[in-house]
Amino acid sequence: MKTKAKVNKKSKLVVTFDADKRKDYLTGFSKRKQERRRFGHDMEAFKKQKALIEQRKIRKAEQKKLLESLPEVADVKQVAEDKDKEVMSFDDAHTQDKFGNVVTVTTMVGDLKSDSEDELSEEENEQLLAHLAKKKERASRDKQMTLFQRIQHKRKGLALPSKRSKMKAARENAARNKGKGAKVVAPKKGKGAGDDDAPKERKKGPNKGKRGRK
């Protein structure tokens, strides 16, 4: 006689029925679809932002390479020097070739005077401090988040495009592509050049269809 195998209670599978989760699943198809759509739009914005960052890096590298290739400015003359002002003149060959003449640079040193003599009120000072604190908090939060998370947080309140706007965009793209690949048809030459293009007019009158009647 065979003995029954002992059941391990720790590995035993227990299935329970939850009515609330079933209701959420059955009524949440539209919500999950909207979440998938939003994720797709966020991913598209992420790819565009990443491409812009890569282009910016390439542009900066090209500018740095161009600056390194420029000749060094050797002929620099200090024309005048004051406590609050410094004047320098550049008359090397590269400067004259680039600008056509001697370049003079005037540097003003010192604190800029304020346009208004009035000081900030207590309320304005509090608002400024609150704005700076919020900006600092946002900067620290952005450092902890990835680029995709920042884009998701930024696009959180934006509405998704409707079917009408998508159809309109598709029609505009189709018309644009059709205009790019449109073929130019040469006009016909000769006696009957415009006969085929012009629509034929039909005579209408009270005696139409009465041919052959006596």
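Which helix holds histidine 94? Histidine 94 is found in helix 3, residues 93–99.

1. Basis. This is a predicted model, in which local features need pLDDT of at least 70, side-chain atom pairs count only at pLDDT 80 or more, and totals for chains, interfaces and linings use all residues. Residues are numbered from 1 along each chain as its sequence is written, and side-chain values use heavy atoms, with hydrogens and water left out.

2. Chain. The chain has six helices and three strands, in the order α-α-β-β-α-β-α-α-α along the sequence. Helices (H or I, at least four residues) and strands (E, at least two) are DSSP runs, numbered from the N terminus. Of the 214 residues, 6% count as buried; buried means under 20% relative accessible area, exposed over 50%, and partly exposed in between (1.4 Å probe, protein chains only). Among contacts between residues at least 6 apart in sequence, 37% join residues at least 24 apart, where contact means heavy atoms within 4.5 Å.

3. Histidine 94. This residue counts as partly exposed, at 29% relative accessibility. The C-alpha atoms of histidine 94 and leucine 70 are separated by 8.7 Å, and the two residues are 24 apart along the chain.

4. Aspartate 42. Aspartate 42 belongs to helix 2 and is buried, with a relative accessible area of 4%. Leaving aside neighbours within four places in sequence, aspartate 42 is in contact with Phe148, Ile151, Gln152 and Arg155.

5. Aromatic pairs. The structure holds three aromatic pairs. One of them, phenylalanine 46 with phenylalanine 148, is edge-to-face, at 5.6 Å centre to centre and 85 degrees between the planes. Phenylalanine 46 lies in helix 2 and phenylalanine 148 in helix 5, so the pair ties together parts that are 102 residues apart in sequence. For the criteria, rings of Phe, Tyr and Trp (its six-membered ring) pair if their centres lie within 6.5 Å; planes under 30 degrees apart count as stacked, over 60 as edge-to-face and the rest as tilted. Phenylalanine 46 is buried at 18% relative accessible area, and phenylalanine 148 is buried at 15%. Phe39, Phe46 and Phe148 form one aromatic cluster.

6. Charge over a ring. Arginine 32 lies over the face of phenylalanine 29, at 4.8 Å from the ring centre. The criterion is NZ of Lys or CZ of Arg within 6 Å of the ring centre and within 35 degrees of the ring normal.

7. Largest pocket. The largest pocket has a volume of about 150 Å³. A pocket is an open set of points on a 1 Å grid over the protein atoms alone, where a 1.4 Å probe fits, with protein on both sides within 12 Å along at least five of seven lines; lining residues have an atom within 4 Å of a point. The volume is the space filled by probe spheres set on the points, which are joined across faces, edges and corners.

8. Lining. The largest pocket is lined by Ala45, Lys48, Gln49, Leu147, Arg150, Ile151, Lys154 and Arg155. Helix 2 (29–69) and helix 5 (147–154) each supply at least two of the lining residues, and helix 5 gives the most, with four. By class, the lining has three nonpolar, one polar and four charged residues. Ala, Val, Leu, Ile, Met, Phe, Trp, Tyr, Cys and Pro count as nonpolar, Asp, Glu, Lys and Arg as charged, and the others, Gly among them, as polar.
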